[in-house]
Amino acid sequence: MLGSASGLFNPGTILWTQVAGPAVIIDDPTNFVSSITGVIGGNMYTFRLQIKCTDGSLAFQDVTYTILPNTPANAGPDIGGCPANNPYTLAANSPASGELAFWSIVGDNNGVTIGSPTDPNTTITLADGAGGETTLRWTITNINGCFTTDDVIVTNCGGVEPVDAGANQNTGGCYSLSAFANMSATPAGYCGTGTWSVVSGPNVPTIGNVHDNNTTISNLIEGTYTFRWVVEGPCANGEDLVTIVVPPPLGDGTTAVASGSETFCDGRTSAFLTGNAPLYTNETVLWTQTGGPAALIACPTCPVTEVTGLDGTSTYSFSYTVTNTVTGCSSSDGPVTLQYGMNSIVEVAIENIHLGCDETEATITYTNSGPGAVQWRLINGPAGITTPWANADPSPFTITDLIVAGPYVVQLRKNAPVGASCVSASDQLLIIVSRVTGLSNAGTDQLFLGCDLFETDLAGNTPPVFPVDLGLYGTWSLISGPNTPIIDDVLDPNTHISGLIDGDYTFRWTISGGPICDPAIDDVVVRVTASVPPIDVDAGPPQTVCIGTPVYLSGNTVPSNELATWSVVPSAGVVFSDVNDPHVVVTGLSASTAYTFTWTVTNNCESASDEVVITTNNTLGPIEALAGPDQCLTSGSYNFNLAGNNPSPGAGMWFLMPGSPSSAIFSNSSLFNTGVTVSADGTYIFVWQVDNNACVPTTDTVVITISGPIPAANAGADQEVCGTSATMAAVAPSPVGTGTWTQVSGPNNAVITSPNSPTTTLTGLTEGVYEFKWTVENGACPGSEDKVKLFVSLPAPTAFAGNDQTICNATSTTLAGNAVTSGSWTVVSGPNTPVFSNDLSPTSTVSGLVFGVYVLQWNSRGGTFCPVETDQMQLTVYPAANAGGDQEYCDDISSVNLIGNVGSSGTWTPISGPNTATILSTSSIQPPPPG
């Protein structure tokens with residue numbers, strides 16, 4: 001329980017007690033915050049928090065908690081075993097009637113297959129292989145949204161029988177000093193142990209990891225080796241031998257390494273193939289086309305060569321081979337694939353998705369084209385919720401488990417392959433999640449704050465937290481008051497307020513779970529009194545009145561932070577309609593008596609009073625006039641009867657108020673239930689006046705409306721507003737009726753410019769959800785009403801992505817966007833997909849840059865219902881000249897290959913050497929088109 005208090009109180013008198021519900025234990029009853037133990041689902045519990053003020057008075061408030069039923073999940077005991085003993089049976093508890101339950105895998109799955117995910121006693125099977133521990137979770141949920149979970153750990157011991165050390169191997173003779181081999185035995189499993197050992201051989205080789213079934217064995221020399229693989233464990237046991245033959249050495253060879261495959265989006269007709277240079281004498285290289293339409297390799301025997309004759313649409317593949325023409329040793333790499341794609345496009349169909357109240361799944365529809373997979377992530381969510389990139393299902397796909405209320409910014413992208421001019425397209429959308437809120441409690445009215453006390457603490461309740469944090473939040477707002485005080489923290493239920501002046505304030509505590517679900521609101525009044533006595537206390541003029549007639553007093557109206565009360569001497573038989581009403585109606589006065597009425601005005605500091613004498617004579621005055629109930633008559637009902645009260649012992653008279661649509665003909669204007677004839681539809685106001693013995697008459701009015709049907713009120717559609725003003729769009733009543741706008745709820749009191757205009761403007765809006773009512777009325781006839789919601793957000797700050805940048809000899813740079821409330825970087829275009837260190841930071845570092853021109857966009861997001869403000873900057877990247885690594889040769893050679901920046905143009909120049917080398921161009925290397 002989360003209690004609080006403000007004002008002048010004794011902390012030592014805090015006490016929680018239970019008022020209703022099955023008996024429970026209040027763990028800390030003398031503390032504002034206390035936990036409760038022993039609650040049972042399906043029951044309601046009421047508790048009372050009481051405290052004593054410093055003046056000794058007792059203040060208390062009750063709170064009721066409803067505990068929703070939910071069966072505690074029990075996943076059963078942990079399980080472990082071998083695949084050979086499949087299947088195994090889980091032993092969870094069953095859900096209660098109306099509840100749902102299911103098994104799920106938490107974390108990595110190490111070879112467990114669930115037979116029936118909704119069966120508490122489902123069978124599972126364990127897979128052969130490495131095995132491991134897998135966590136299975138049993139979740140029980142009910143229609144209330146409550147859920148419980150429990151985990152069971154399944155240990156798959158794995159292993160494979162029979163044990164196999166792998167196929168015999170021949171390493172080949174392409175080595176100088178020692179060779180190596182990669183083993184491939186069956187795994188020992190999670191619970192078992194496998195061990196390699198050398199049985200025989202010409203030396204003792206090096207085993208990388210004696211317990212790894214796929215270990216590498218190095219330091220092999222010429223000869224024949226025998227290795228033993230021994231497996232011991234609960235699931236697999238045994239051993240096997242494998243032979244490795246190492247022939248005589250022929251000499252080392254260069255391992256071929258070819259450039260990676262590329263996808264081009266610019267329709268180019270030439271590209272570059274890059275292989276590593278050979279390191280040893282007698283080695284040659286060869287590029288070979290292995291797929292696609294015929295293309296021209298400019299220099300097939302060069303490590304770096306240009307390929308021309310590409311058609312801009314097909315897929316081509318090439319292999320790269322390094323061969324020693326003397327030893328016959330060779331190494332190949334590939335295929336290197338050159339393919340084409342179109343510029344990537346991904347677009348969401350709906351940019352703002354508002355889920356219904358308490359919905360937690362959103363369906364996203366998108367279109368896409370071009371290379372690369374469609375991926376999605378949450379780049380910003382309530383409570384800092386984000387997710388990494390994940391592949392999206394085909395459109396439409398569903399995002400689930402949107403539990404916490406608030407806005408979720410979802411980004412989609414085409415993860416285009418790296419390649420010149422390829423674009424990683426992206427788009428964003430906003431998902432608004434709303435959750436049902438609990439009760440709002442703004443605390444007890446602070447009517448006795450104390451004299452000259454101009455600050456205090458509010459005492460709203462903490463927004464409820466259910467089995468998980470649903471993102472409910474509370475907000476304080478000022479509804480009315482003599483000035484605008486300082487609220488330290490509008491989100492703090494116990495915030496401090498200061499800067500108060502003399503008068504009454506109304507503060508509103510709104511607990512919201514998003515715009516679609518109705519918020520819970522509660523108001524509290526804070527009364528502030530300065531140390532000045534009440535002024536202008538006036539009980540009204542003296543009167544001499546007849547007996548039997550109600551008397552109306554005329555006290556002055558007092559400010560809201562003062563309390564006024566009538567008293568009278570003598571008081572016997574005197575009846576007040578409302579002792580706090582300055583214009584109270586008094587009855588029960590006796591004849592020929594002087595009554596002294598006192599009008600006493602009190603504030604939290606002082607009080608003052610005034611007296612008036614009302615003297616009665618012994619003349620009987622008129623009784624109270626009652627004109628009867630208002631009437632709504634159908635159109636054309638021009639003959640009707642009035643229903644005033646019988647004036648006896650006095651006499652009565654009917655009058656028609658000016659401004660009526662026609663004159664009225666009374667059958668007998670002195671008769672309390674006279675008939676009346678009029679000649680037009682409209683609203684008529686009649687006055688019934690009762691006289692007796694020349695005393696002051698009494699009067700009452702009745703409204704008669706003759707009308708056709710009143711049209712149903714139509715307040716228009718709900719609106720999403722970006723800004724502080726809006727224009728309403730109600731339907732004007734026709735042919736009869738008058739419409740009136742009133743505010744139902746909202747974070748503050750908006751200004752309604754023309755309350756009777758269906759298209760009035762509203763000003764003074766702040767961020768939040770407002771509800772307004774459009775009421776259509778016509779005199780005494782029943783009206784109709786309709787409500788409309790306004791979802792108000794404030795605009796985003798202007799985005800500035802920073803000045804354009806040009807960088808050289810670098811693959812990263814720091815961006816310089818402006819600080820905004822909620823921002824994110826996206827790539828509009830560029831030669832590849834760079835990496836942001838933090839794409840939510842205006843000064844993020846962007847890395848992985850290659851030669852070319854990038855366009856980056858800084859997105860500034862404001863309120864939920866406002867458009868994203870964007871700005872772009874251009875980033876141009878130039879590489880530094882790279883002549884490749886130094887080369888050393890032990891042989892008498894006369895030519896070498898020089899490899900500079902691939903995809904660039906440049907000039908080779910001799911710097912030094914024993915003679916003047918001749919530089920031959922092996923291919924016409926030109927840079928790719930920019931962008």
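Residues are numbered from 1 along each chain as its sequence is written, and side-chain values use heavy atoms, with hydrogens and water left out. Because the model is predicted, local features need a pLDDT of at least 70 and side-chain atom pairs count only at pLDDT 80 or more, while totals for chains, interfaces and linings use all residues.

The protein contains zero helices and 69 strands; helices (H or I, at least four residues) and strands (E, at least two) are DSSP runs, numbered from the N terminus. Its radius of gyration is 44 Å, well over the 30 Å that the globule rule gives for 931 residues, so the protein is more spread out than a compact globule. This radius is taken over C-alpha atoms, and the rule is 2.2 Å times the number of residues to the power 0.38. Along the principal axes, the C-alpha atoms fill a box of roughly 145 × 65 × 60 Å.

Of the 931 residues, 40% are buried (buried means under 20% relative accessible area, exposed over 50%, partly exposed in between, with a 1.4 Å probe and protein chains only). The accessible surface comes to about 44,500 Å², and 53% of this surface belongs to carbon and sulfur atoms. Areas come from the Shrake-Rupley method with a 1.4 Å probe; for residues, only the protein chains shown count as cover.

Two strands pair if DSSP finds at least two bridges between them. Two bridges join β66 to the antiparallel strand β67 (residues 845-847), and F836 stands opposite V846 in β67.

Most residues other than glycine have a negative phi, and most peptide bonds are trans. A cis peptide bond, with omega about -5°, joins N86 and P87; P87 is placed in the loop between β6 (79-81) and β7 (88-89). Another cis bond joins S395 and P396, with omega about -5°, and P396 belongs to the loop between β32 (390-391) and β33 (397-399).

D452, which is not a glycine, has a positive phi of about 60°. This residue is found in the loop between β35 (426-433) and β36 (456-457), and D452 is partly exposed at 38% relative accessibility. N809 also has a positive phi, near 55°. The loop between β63 (805-808) and β64 holds N809, which is exposed with a relative accessible area of 57%.
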